[in-house]
Amino acid sequence: MCRKKRGRIQLVIVCLFLSGICLFSGCMPNKEKEEIQEQVTIDFTVCHDENLPKELKQLIEEKKEKPFKLSYQTKEYTYIATGYGQQTMGGYSIQVKALYELENVVVFKTTLKGPNPEEEKEGVSYPYIVVKIQNLDKTISFR
């Protein structure tokens with residue numbers, strides 16, 4: 001009888017272990033799930049202030065003192081903007097690391113680059129970037 005009990009206990013342990021593996025394999029972090037999905041790179045244009053819709057310029061002006069992330073849609077285009085708030089000097093730049101489309105979302109990744117010592121400018125600055133893409137009618141995810 002001892003052998004039968006031991007065999008059953010081992011069987012139960014193996015079943016529990018396998019069940020745990022099955023349950024936890026579905027719990028993947030979003031980043032890993034995103035890597036599995038097909039990423040489609042999106043063509044974009046970096047927009048200068050003079051090419052922005054008036055309403056978008058006004059929104060940026062209101063928000064530029066603090067970090068912000070926003071999108072603005074017209075009939076044809078989606079404008080995606082990221083600002084890094086007030087900086088203590090000028091000469092900063094913003095690099096678009098990635099802009100791609102997943103099944104349900106557009107992912108926009110940027111990085112703030114500090115000024116080179118020879119490019120440092122006195123005074124306060126408010127670095128931001130605005131890109132324009134074709135209207136995709138998807139949620140924007142800022143990273």
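**A ring on the inside**

Guide: Let's begin with Phe108, which is buried, with a relative accessible area of 1%. Here, buried means under 20% relative accessible area, exposed means over 50%, and partly exposed lies in between, using a 1.4 Å probe and protein chains only. Please keep in mind that this is a predicted model, in which local features need pLDDT of at least 70, side-chain atom pairs count only at pLDDT 80 or more, and totals for chains, interfaces and linings use all residues. Residues are numbered from 1 along each chain as its sequence is written, and side-chain values use heavy atoms, with hydrogens and water left out.

Now for the rings. Rings of Phe, Tyr and Trp (its six-membered ring) pair if their centres lie within 6.5 Å; planes under 30 degrees apart count as stacked, over 60 as edge-to-face and the rest as tilted. The structure holds three such aromatic pairs. One of them is tilted: Tyr72 and Tyr79 have ring centres 6.4 Å apart and planes at 55 degrees. Tyr72 is buried at 18% relative accessible area, and Tyr79 is buried too, at 6%. Phe108 itself forms an edge-to-face pair with Phe142, at 6.2 Å centre to centre and with 80 degrees between the planes. That pair links distant parts of the chain, as Phe108 sits in strand E6 and Phe142 in strand E8, 34 residues apart. While Phe108 is buried, Phe142 is partly exposed, with a relative accessible area of 22%. (Helices, H or I with at least four residues, and strands, E with at least two, are DSSP runs numbered from the N terminus.)

Another buried neighbour is worth a visit. Thr82 lies in strand E4 and has 1% relative accessibility, so it counts as buried. Leaving aside residues up to four places away in sequence, Thr82 touches Phe68, Lys69, Ile94, Phe108, Thr110, Tyr128, Ile129 and Phe142; a contact means heavy atoms within 4.5 Å.

In soluble globular proteins, nonpolar side chains tend to be buried together. A nonpolar core is a set of buried Ala, Val, Leu, Ile, Met, Phe, Trp, Tyr and Cys residues joined through side-chain atoms within 4.5 Å. The largest one has 12 residues in all, including Ile80, Ile94, Val106, Phe108 and Ile129. E4, E5, strand E6 (105–113) and E7 each supply at least two residues of this core. A second, separate core has 10 residues, including Leu52, Leu56, Tyr79 and Val130. Ile42, another member of the largest core, touches Leu99, Tyr100, Glu101, Val106, Ile133 and Leu136, again not counting residues up to four places away in sequence.

Next come the sheets. Strands of a sheet pair through backbone hydrogen bonds, either parallel or antiparallel; here, two strands pair if DSSP finds at least two bridges between them. An open sheet of four strands runs in the order E1-E5-E6-E8, with mixed pairing. Its edge strands are E1 (40–41) and E8 (139–142), each pairing on one side only. E1 meets strand E5 (residues 93–101) in the antiparallel sense over two bridges: Val40 stands opposite Glu101, and Thr41 stands opposite Tyr100. E5 and E6 are antiparallel over eight bridges, with Ile94 partnered by Leu112, and a hairpin of three residues joins E5 to E6.

The other open sheet has four strands in the order E2-E7-E4-E3, with antiparallel pairing. Strands E2 (45–46) and E3 (67–73) stand at its edges with a single partner strand each, so one side of each is left without a neighbour in the sheet. E3 and strand E4 (residues 77–84) are antiparallel over seven bridges, and Pro67 has Tyr84 as its bridge partner. Helix H3 (residues 54–63) packs on this sheet, touching E3, E4 and strand E7 (128–134), and its direction makes about 170 degrees with that of E3. (Axes are lines fitted to C-alpha atoms, for helices over the stretch in contact, with angles from 0 to 180 degrees between N-to-C directions.)

Finally, the whole protein: three helices and eight strands, running α-α-β-β-α-β-β-β-β-β-β from the N terminus. Of its 143 residues, 30% count as buried.
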